[in-house]
Amino acid sequence: MSPIALVTGASRGIGRAIAARLARDGCRVWVNYAGSTDAAQSLVAEITQAGGSARALQFNVADGEQCAHVLEAMIEEEGGPEIVVSNAGITKDGLMAMMSANEWRQVIETNLGGFFNVVKPCLRPMLRRRSGRIIAISSVSGEAGNAGQVNYSASKAGLIGACKALAKEIASRKVTVNVVAPGFVETDMVKDLPKEELAKQVPLGRFGTADEVAAAVSFLAGREAGYITGQVLGINGGMYM
Ligand code: NAP
(Lines give C-alpha, C1' and ligand atoms only; values in the text may rest on other atoms or scores of the structure.)
Protein backbone atom coordinates (compact mmCIF):
# COMPACT_ATOMS: atom_id res chain seq x y z
CA MET A 1 0.00 0.00 0.00
CA SER A 2 1.42 3.42 -0.89
CA PRO A 3 2.10 5.76 2.03
CA ILE A 4 -0.33 8.51 3.02
CA ALA A 5 0.97 12.09 3.07
CA LEU A 6 -1.00 14.83 4.81
CA VAL A 7 -0.16 18.33 3.55
CA THR A 8 -1.81 21.28 5.29
CA GLY A 9 -2.58 24.41 3.30
CA ALA A 10 -2.35 22.44 0.08
CA SER A 11 -4.95 24.29 -2.00
CA ARG A 12 -2.52 27.00 -3.11
CA GLY A 13 1.13 28.02 -3.30
CA ILE A 14 3.88 25.99 -1.68
CA GLY A 15 1.53 23.42 -0.11
CA ARG A 16 -0.10 22.74 -3.46
CA ALA A 17 3.31 22.12 -5.08
CA ILE A 18 4.30 19.84 -2.19
CA ALA A 19 1.09 17.81 -2.43
CA ALA A 20 1.47 17.45 -6.23
CA ARG A 21 5.10 16.39 -5.82
CA LEU A 22 4.38 13.83 -3.09
CA ALA A 23 1.59 12.41 -5.27
CA ARG A 24 4.10 12.03 -8.13
CA ASP A 25 6.42 10.33 -5.63
CA GLY A 26 3.68 7.72 -5.13
CA CYS A 27 1.91 8.92 -1.98
CA ARG A 28 -1.83 8.98 -1.38
CA VAL A 29 -2.28 12.64 -0.50
CA TRP A 30 -4.63 14.26 1.99
CA VAL A 31 -5.05 17.80 0.67
CA ASN A 32 -5.99 20.07 3.57
CA TYR A 33 -7.31 23.60 3.02
CA ALA A 34 -9.26 26.28 4.89
CA GLY A 35 -11.69 27.89 2.44
CA SER A 36 -10.57 27.38 -1.19
CA THR A 37 -12.74 24.37 -2.00
CA ASP A 38 -12.50 24.80 -5.80
CA ALA A 39 -8.71 25.06 -5.71
CA ALA A 40 -8.41 21.98 -3.47
CA GLN A 41 -10.81 19.99 -5.66
CA SER A 42 -8.90 20.98 -8.81
CA LEU A 43 -5.68 19.66 -7.28
CA VAL A 44 -7.40 16.40 -6.32
CA ALA A 45 -8.68 16.12 -9.91
CA GLU A 46 -5.20 16.84 -11.33
CA ILE A 47 -3.64 14.16 -9.14
CA THR A 48 -6.27 11.52 -9.84
CA GLN A 49 -6.24 12.22 -13.61
CA ALA A 50 -2.49 11.61 -13.54
CA GLY A 51 -3.14 8.20 -11.95
CA GLY A 52 -2.47 9.22 -8.34
CA SER A 53 -4.66 9.26 -5.27
CA ALA A 54 -5.83 12.29 -3.28
CA ARG A 55 -8.62 13.47 -0.98
CA ALA A 56 -9.51 17.03 -0.06
CA LEU A 57 -9.93 17.69 3.67
CA GLN A 58 -11.35 21.00 4.82
CA PHE A 59 -10.39 22.04 8.32
CA ASN A 60 -8.93 25.05 10.09
CA VAL A 61 -5.50 24.14 11.46
CA ALA A 62 -5.92 26.75 14.19
CA ASP A 63 -8.91 24.85 15.59
CA GLY A 64 -7.60 21.95 17.64
CA GLU A 65 -10.97 20.24 18.10
CA GLN A 66 -11.74 20.38 14.38
CA CYS A 67 -8.30 18.97 13.48
CA ALA A 68 -8.67 16.11 15.95
CA HIS A 69 -12.22 15.37 14.79
CA VAL A 70 -11.37 15.20 11.06
CA LEU A 71 -7.99 13.51 11.41
CA GLU A 72 -9.07 10.87 13.91
CA ALA A 73 -11.92 9.87 11.57
CA MET A 74 -9.55 9.73 8.56
CA ILE A 75 -6.98 7.70 10.49
CA GLU A 76 -9.71 5.28 11.57
CA GLU A 77 -10.85 4.93 7.94
CA GLU A 78 -7.57 4.84 6.00
CA GLY A 79 -4.78 4.48 8.59
CA GLY A 80 -2.35 7.10 9.84
CA PRO A 81 -0.25 9.26 7.53
CA GLU A 82 3.38 8.23 7.05
CA ILE A 83 4.27 11.81 6.11
CA VAL A 84 2.89 15.00 7.67
CA VAL A 85 3.81 18.35 6.15
CA SER A 86 2.72 21.25 8.35
CA ASN A 87 2.64 23.99 5.76
CA ALA A 88 -0.51 26.09 6.33
CA GLY A 89 0.44 29.60 7.31
CA ILE A 90 -0.71 33.21 7.28
CA THR A 91 0.76 36.67 7.72
CA LYS A 92 -0.70 39.71 9.47
CA ASP A 93 2.21 42.10 9.01
CA GLY A 94 2.76 45.41 10.75
CA LEU A 95 5.13 47.06 13.19
CA MET A 96 4.72 45.72 16.72
CA ALA A 97 3.87 49.18 18.06
CA MET A 98 0.78 49.10 15.82
CA MET A 99 0.00 45.36 16.08
CA SER A 100 -3.28 44.28 17.66
CA ALA A 101 -3.44 41.39 20.10
CA ASN A 102 -5.68 39.70 17.56
CA GLU A 103 -3.05 39.94 14.79
CA TRP A 104 -0.50 38.44 17.16
CA ARG A 105 -2.82 35.65 18.29
CA GLN A 106 -4.18 34.66 14.86
CA VAL A 107 -0.70 34.22 13.39
CA ILE A 108 0.64 32.27 16.37
CA GLU A 109 -2.48 30.07 16.57
CA THR A 110 -2.41 29.27 12.84
CA ASN A 111 1.30 28.92 12.13
CA LEU A 112 2.51 27.40 15.42
CA GLY A 113 -0.72 26.14 16.98
CA GLY A 114 -1.54 24.48 13.64
CA PHE A 115 1.60 22.37 13.91
CA PHE A 116 0.54 21.02 17.32
CA ASN A 117 -3.10 20.55 16.30
CA VAL A 118 -2.24 18.58 13.16
CA VAL A 119 0.82 16.60 14.21
CA LYS A 120 -0.58 15.46 17.58
CA PRO A 121 -3.41 13.25 16.22
CA CYS A 122 -0.99 11.71 13.67
CA LEU A 123 1.77 10.89 16.15
CA ARG A 124 0.43 7.75 17.80
CA PRO A 125 0.10 5.71 14.58
CA MET A 126 3.61 6.78 13.52
CA LEU A 127 5.11 5.81 16.87
CA ARG A 128 3.31 2.47 16.78
CA ARG A 129 4.51 1.81 13.23
CA ARG A 130 8.02 2.96 14.11
CA SER A 131 8.37 5.02 10.98
CA GLY A 132 7.33 8.43 9.77
CA ARG A 133 8.36 11.83 8.50
CA ILE A 134 7.24 15.14 9.96
CA ILE A 135 8.21 18.28 8.07
CA ALA A 136 7.31 21.83 9.10
CA ILE A 137 7.47 24.79 6.75
CA SER A 138 9.09 27.64 8.66
CA SER A 139 10.64 30.74 7.07
CA VAL A 140 13.83 32.75 6.85
CA SER A 141 11.89 35.23 9.03
CA GLY A 142 11.95 32.67 11.84
CA GLU A 143 15.71 32.23 11.52
CA ALA A 144 16.83 35.84 11.04
CA GLY A 145 13.82 37.88 12.26
CA ASN A 146 12.10 40.38 9.97
CA ALA A 147 10.95 43.91 10.84
CA GLY A 148 7.18 44.18 10.46
CA GLN A 149 6.74 40.48 11.18
CA VAL A 150 7.19 40.07 14.94
CA ASN A 151 4.17 37.74 15.10
CA TYR A 152 5.14 35.75 12.00
CA SER A 153 8.85 35.53 12.95
CA ALA A 154 7.89 34.31 16.46
CA SER A 155 5.60 31.63 15.01
CA LYS A 156 8.23 30.45 12.54
CA ALA A 157 11.06 30.43 15.13
CA GLY A 158 8.70 28.52 17.43
CA LEU A 159 8.29 25.85 14.79
CA ILE A 160 12.06 25.33 14.69
CA GLY A 161 12.22 24.86 18.49
CA ALA A 162 9.19 22.57 18.47
CA CYS A 163 10.64 20.39 15.71
CA LYS A 164 14.05 20.06 17.35
CA ALA A 165 12.42 19.03 20.65
CA LEU A 166 10.02 16.60 18.97
CA ALA A 167 12.88 15.16 16.90
CA LYS A 168 14.65 14.25 20.16
CA GLU A 169 11.46 12.84 21.72
CA ILE A 170 10.68 10.42 18.91
CA ALA A 171 14.00 9.56 17.25
CA SER A 172 14.03 6.23 19.09
CA ARG A 173 10.83 5.33 17.19
CA LYS A 174 12.52 6.12 13.85
CA VAL A 175 10.24 9.06 13.13
CA THR A 176 12.19 12.05 11.79
CA VAL A 177 11.22 15.70 12.25
CA ASN A 178 12.74 18.40 10.06
CA VAL A 179 12.13 21.98 9.06
CA VAL A 180 12.21 23.60 5.64
CA ALA A 181 12.72 27.35 5.81
CA PRO A 182 12.00 29.16 2.53
CA GLY A 183 13.03 32.71 1.67
CA PHE A 184 10.93 34.61 -0.89
CA VAL A 185 8.82 32.20 -2.92
CA GLU A 186 6.42 33.28 -5.66
CA THR A 187 2.92 32.64 -4.25
CA ASP A 188 -0.19 34.62 -3.29
CA MET A 189 1.45 35.34 0.09
CA VAL A 190 4.05 37.64 -1.48
CA LYS A 191 2.06 38.95 -4.46
CA ASP A 192 1.85 42.51 -3.09
CA LEU A 193 5.57 42.79 -2.26
CA PRO A 194 7.95 44.84 -4.45
CA LYS A 195 9.53 41.83 -6.13
CA GLU A 196 12.34 43.49 -8.09
CA GLU A 197 13.45 45.51 -5.08
CA LEU A 198 13.44 42.48 -2.75
CA ALA A 199 15.19 40.20 -5.24
CA LYS A 200 18.24 42.46 -4.85
CA GLN A 201 18.54 41.22 -1.22
CA VAL A 202 18.87 37.63 -2.46
CA PRO A 203 22.40 36.50 -3.41
CA LEU A 204 20.95 34.30 -6.18
CA GLY A 205 19.08 37.37 -7.43
CA ARG A 206 15.54 36.01 -7.68
CA PHE A 207 12.54 34.64 -5.80
CA GLY A 208 12.30 30.86 -5.48
CA THR A 209 9.52 28.70 -6.87
CA ALA A 210 7.09 26.52 -4.97
CA ASP A 211 8.44 23.53 -6.91
CA GLU A 212 11.94 24.19 -5.55
CA VAL A 213 10.57 24.01 -1.99
CA ALA A 214 8.58 20.89 -2.88
CA ALA A 215 11.73 19.17 -4.14
CA ALA A 216 13.40 19.64 -0.73
CA VAL A 217 10.32 18.32 1.07
CA SER A 218 10.22 15.34 -1.26
CA PHE A 219 13.82 14.52 -0.35
CA LEU A 220 13.25 14.86 3.41
CA ALA A 221 10.08 12.74 3.13
CA GLY A 222 11.88 9.99 1.25
CA ARG A 223 13.65 6.84 2.27
CA GLU A 224 17.11 8.26 1.61
CA ALA A 225 16.69 10.97 4.28
CA GLY A 226 16.32 8.45 7.09
CA TYR A 227 19.43 9.66 8.94
CA ILE A 228 18.42 13.34 8.94
CA THR A 229 16.43 14.66 11.91
CA GLY A 230 16.12 17.92 13.83
CA GLN A 231 17.54 19.91 10.91
CA VAL A 232 16.58 23.20 9.30
CA LEU A 233 17.02 23.32 5.53
CA GLY A 234 17.01 26.84 4.09
CA ILE A 235 15.61 27.26 0.57
CA ASN A 236 16.36 30.94 0.31
CA GLY A 237 18.75 31.73 -2.54
CA GLY A 238 21.49 32.44 0.02
CA MET A 239 19.52 35.11 1.94
CA TYR A 240 20.41 33.55 5.28
CA MET A 241 23.45 31.32 5.83
P1 NAP B 1 -0.41 30.98 0.35
O2 NAP B 1 -0.15 30.99 -1.11
O3 NAP B 1 -1.03 32.16 1.01
O4 NAP B 1 -1.27 29.65 0.70
C5 NAP B 1 -1.61 29.41 2.03
C6 NAP B 1 -2.25 28.06 2.15
O7 NAP B 1 -2.52 27.80 3.54
C8 NAP B 1 -3.58 27.96 1.42
O9 NAP B 1 -3.71 26.66 0.91
C10 NAP B 1 -4.59 28.21 2.55
O11 NAP B 1 -5.85 27.57 2.32
C12 NAP B 1 -3.90 27.52 3.69
N13 NAP B 1 -4.34 28.01 5.00
C14 NAP B 1 -4.25 29.26 5.51
N15 NAP B 1 -4.78 29.29 6.74
C16 NAP B 1 -5.24 28.05 7.00
C17 NAP B 1 -5.90 27.45 8.11
N18 NAP B 1 -6.21 28.16 9.21
N19 NAP B 1 -6.22 26.12 8.04
C20 NAP B 1 -5.93 25.40 6.94
N21 NAP B 1 -5.29 25.91 5.86
C22 NAP B 1 -4.96 27.22 5.90
O23 NAP B 1 0.96 30.74 1.17
P24 NAP B 1 2.36 30.13 0.68
O25 NAP B 1 3.21 31.25 0.23
O26 NAP B 1 2.15 28.95 -0.17
O27 NAP B 1 2.94 29.67 2.09
C28 NAP B 1 2.93 28.32 2.54
C29 NAP B 1 3.81 28.22 3.77
O30 NAP B 1 5.14 28.64 3.43
C31 NAP B 1 3.36 29.13 4.91
O32 NAP B 1 3.55 28.50 6.15
C33 NAP B 1 4.28 30.31 4.79
O34 NAP B 1 4.45 30.97 6.01
C35 NAP B 1 5.56 29.64 4.32
N36 NAP B 1 6.47 30.53 3.65
C37 NAP B 1 6.13 31.17 2.50
C38 NAP B 1 7.06 32.01 1.90
C39 NAP B 1 6.76 32.75 0.63
O40 NAP B 1 7.59 33.58 0.23
N41 NAP B 1 5.68 32.47 -0.06
C42 NAP B 1 8.33 32.19 2.48
C43 NAP B 1 8.64 31.52 3.64
C44 NAP B 1 7.71 30.68 4.22
P45 NAP B 1 -7.06 28.34 1.54
O46 NAP B 1 -6.63 28.38 0.08
O47 NAP B 1 -8.21 27.47 1.76
O48 NAP B 1 -7.13 29.70 2.12
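**Around the ligand**

Start with the make-up of the shell around the ligand: its residues divide into 15 nonpolar, 14 polar and three charged. Keep in mind that this model is predicted. In total, 32 residues surround the ligand. The closest are G35, S36, N87, Y152 and T187. Find these five on the structure before moving on.

Now turn to single contacts. N60 brings a polar side-chain atom to 2.8 Å from a nitrogen atom of the ligand. K156 also uses its side chain: a polar atom there lies 2.8 Å from an oxygen atom of the ligand. With G183 the backbone takes part. One of its backbone N or O atoms lies 3.4 Å from a ligand oxygen atom. How much of the ligand does the protein cover? On its own, the ligand has 890 Å² of accessible area, and the protein covers 93% of this.

Step back to the whole protein. Its secondary structure comes to eight helices and seven strands. The radius of gyration is 17 Å, close to the 18 Å that the globule rule gives for 241 residues, so the protein is as compact as a globular protein of that length. What does the C-alpha trace span along its principal axes? The answer is about 50 × 35 × 35 Å.

Notes:
Residues numbered from 1 in each chain as written. Predicted model: local features only at pLDDT ≥ 70, side-chain atom pairs only at ≥ 80, totals over all residues. Heavy atoms only, no water. Near = heavy atom within 4 Å. Polar contact = N/O pair within 3.5 Å; in protein donor to acceptor, adjacent residues only side chain to side chain. Areas by Shrake-Rupley, 256 points an atom, 1.4 Å probe, with all protein chains shown as cover. Nonpolar A, V, L, I, M, F, W, Y, C, P; charged D, E, K, R; others polar. Helix = DSSP H or I, 4+ residues; strand = E, 2+ residues; numbered from the N terminus. Rg over C-alpha atoms; globule rule 2.2 N^0.38 Å.
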